Amino acid sequence: MDLQQLEEEAHQAALKDIQNMLQRPGQLEKVEQYRHRIARKKASVEALLKTGMQNQLEGVRVGLKQLVTCMQDVREVRRRMVEVERLLVGVPEIYDALEVVREENTKHSQYATAMENLKHIFNVDASVQKTMALIDEDKLLNAHQCLADLENSRDDLLYELHKQPKQHASDKITLKRHFEKVDQVSQALEKKLRLIISRTLNTVRKKPTVIVTALRIIEREEKNDQFALQQQKVTNFLPPGRPKAWRKMIMDVLQAAVITRIEGSKLEERADNKLWLVRDLEILRQIILEDLRVVKSLCVPCFPPHYDIFNEYVRFYHEGLSSYLDNIVKSGLQGNEYVSMLAWVMHTYPGADLMSHADLNVDVLKLSRPLLHPEHLKSLEDEYLQNMERNYQDWMKKTVDSEKQEWYSEMLPDQRDHYYNSAGPVIIFEMIDQHLQVTNTIHQELTFKALVLSIQQVELFGQTYLKNVIELKEHHFRNRDQIKYFTHYIITIVNNSQNVVEMAQQMKHLFWPKSRTEHYEDFEKLLATFQRIRAHAANYLLEEAFLDMECHFNDLFTVKWLGSSIAVDTICVTLDDYFQDYNHLLPANFEMVINEAQKLLAKRYIRALLSKRLSKTRSECDAITRKINLEAKRIKQFFEKIAPKISLSDSPLDLITTLSALLVADIELLALDLHTLLGSYPSLSEDHLVRLFYIRNDVKAAEVREKVQDAMKSKKAMVSIAKQDCIFKEIVFSDKLW
């Protein structure tokens with residue numbers, strides 16, 4: 001450190017301070033004050049420096065005194081070490097000289113130990129008998145005291161032998177043989193304790209003191225085990241039979257008692273009672289709930305706190321129950337047993353009826369493992385769904401076979417509220433509803449899987465049902481005398497299909513989660529299948545009716561037809577006869593058949609109109625047009641009579657009068673009429689129009705073709721908004737006009 005430099009820096013700093021303080025003339029008056037202030041600061045700093053120096057010097061003085069004292073102590077230690085080394089020179093000689101004394105001391109110690117335990121040594125048999133008697137009389141504390149005295153005597157003597165430098169195995173064997181009955185007493189006491197502890201739940205209700213006594217003995221033995229293990233670390237000597245580990249023993253006994261109680265709850269087998277599993281699980285619930293109540297209210301005060309006996313019992317029951325249920329699952333379940341098991345494991349066990357009961361309030365999520373492994377639960381759910389699928393297949397096969405048998409029978413189908421139906425669809429959906437109600441008690445995901453499975457199986461049932469319906473129709477039309485009530489059963493099939501669609505929609509409304517979109521195509525496929533069955537069956541009804549009217553349609557627009565209304569009258573009478581049976585259709589189905597019948601009738605009538613059976617003059621065409629209009633009106637009135645509640649507006653029968661008007665149209669204005677007609681019915685073809693004008697022999701075919709072609713060319717490419725336009729697409733002729 002450069003003092004001169006420091007002094008120079010201090011001088012410069014002082015000059016800067018003075019310059020700052022004396023920047024204005026008025027500050028010169030305060031020079032004396034500044035001088036006094038600086039003097040005070042200087043005195044204060046000097047006092048601090050002086051104090052610091054004094055403290056430093058005092059510390060150095062004290063340190064020197066301590067060093068002097070240490071030096072004196074070291075010299076004293078060195079002197080005494082020299083003295084000790086001098087004294088130790090003679091120790092080996094003294095050690096050898098005292099060999100006899102040591103031997104005598106050892107003998108004296110052994111004799112003293114023997115004298116202390118002389119009573120037990122000579123009275124082993126009597127003490128053993130006394131202790132056994134006390135055990136038999138349930139005086140367990142006294143018995144344990146006697147046993148402890150015998151074991152202490154044996155252990156003290158064995159320890160004295162262990163301390164000898166020269167040990168003889170024969171001495172230990174002799175001593176152990178002399179005390180061998182002590183082990184029998186210990187085993188007898190252990191057996192007694194096992195018996196008492198195994199009956200804990202019964203005993204604690206009547207004589208809790210017995211349990212407390214047993215636990216006091218076990219706690220004493222636990223302390224003796226700990227002492228023996230500590231002694232082994234120091235002396236390498238461990239008394240025989242230690243550690244007894246009786247606490248672990250009683251916990252094993254309690255667990256074994258719990259397992260026995262769980263397994264003993266089973267009263268029935270599947271062969272004895274179909275509800276054996278439900279009854280078994282309910283008995284288990286009652287037993288476990290009652291036992292854990294007893295443990296919490298009576299056992300907890302009896303057992304030491306560190307046993308945590310309530311949680312231990314919960315663990316015993318949880319593990320025992322888990323193993324028991326696992327064995328039941330491995331042995332195989334049937335039918336609703338899957339549901340009973342899943343519902344019990346997932347809801348009853350952790351729910352308010354058992355573990356979450358107000359008296360127990362056990363959180364099963366904190367237990368070491370779930371009651372059943374998640375993989376086992378998943379396997380159970382899969383097996384249940386597979387079993388459900390097999391049940392569906394069996395039930396639906398039986399339903400199809402039963403319905404098929406009824407179709408070919410000579411019995412009328414069942415009626416409900418005047419409508420034909422069969423019990424098959426109702427039975428199927430009742431079964432589905434039962435399954436879904438049951439799975440709903442387990443969890444929503446399983447219900448959704450069961451719902452999807454049910455939908456898929458009903459759709460498969462629908463495919464099989466449709467094949468059988470087609471087979472029924474083909475069989476009937478090969479020989480219409482074979483099946484007596486064909487029409488009635490086809491009506492039943494139409495109603496059944498409608499019922500299935502409605503019940504499927506109700507099922508979806510009840511069980512389909514609003515947030516789920518997957519598998520929705522399965523539901524749509526189901527609806528489409530039964531709508532197809534409904535449409536097919538309705539067509540079969542009309543196909544049979546129109547088959548009976550075939551000859552009458554063939555009479556239309558013939559010479560015979562011109563002078564008679566028999567054909568149309570007969571058609572109406574025939575339809576009326578069939579519609580007496582069609583009244584057994586559900587309202588929606590009846591309306592569908594009415595609409596389809598009008599469409600078919602219009603199509604057959606128009607086809608006959610275009611079949612080139614007549615060729616008449618203009619004046620005769622007027623009469624034909626009037627006849628056509630009258631017949632169209634007659635047919636429409638017929639439908640209004642049999643279906644007064646159904647609107648017949650925009651009926652396909654109106655097409656008949658629309659076409660008939662062309663037969664009396666002015667040939668000069670025909671192009672305009674055709675343009676208007678084609679605008680409404682773009683499916684009306686050139687072939688149709690030319691065939692229509694075949695009836696008018698006053699118009700040349702070439703002229704008609706020219707006008708039709710002109711109208712067709714001017715027709716705009718468009719899609720008709722008229723729902724009847726499709727009829728013209730279905731009227732196709734195989735013969736060529738030119």
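Biologist: Let's start with Arg-293: how exposed is Arg-293 here?

Modeller: Arg-293 counts as partly exposed because its relative accessible area is 29%. For these labels, buried means under 20% relative accessible area, exposed means over 50%, and partly exposed is in between (1.4 Å probe, protein chains only). This is a predicted model, where local features need pLDDT of at least 70 and side-chain atom pairs count only at pLDDT 80 or more, while totals for chains, interfaces and linings use all residues. Residues are numbered from 1 along each chain as its sequence is written, and side-chain values use heavy atoms, leaving out hydrogens and water.

Biologist: Thanks! Which residue forms a salt bridge with Arg-293 at 2.9 Å?

Modeller: That's Asp-359, with the closest N and O atoms 2.9 Å apart. The two come from distant parts of the chain, 66 residues apart: Arg-293 sits in helix H13 (residues 276-302), and Asp-359 in the loop between helix H15 (337-348) and helix H16 (374-407). A salt bridge here is a side-chain nitrogen of Lys or Arg within 4 Å of a carboxyl oxygen of Asp or Glu. Helices are DSSP runs (H or I, at least four residues), numbered from the N terminus.

Biologist: And Asp-359 itself, how accessible?

Modeller: Asp-359 has a relative accessible area of 38%, so Asp-359 is partly exposed too.

Biologist: How many salt bridges does the count come to?

Modeller: The count comes to 39 salt bridges. One of them joins Asp-555 and Lys-560, at 3.7 Å from N to O. Lys-560 is exposed at 59%, while Asp-555 is partly exposed at 24%. There is also a network, in which bridges with shared partners connect Arg-205, Glu-290, Arg-293 and Asp-359.
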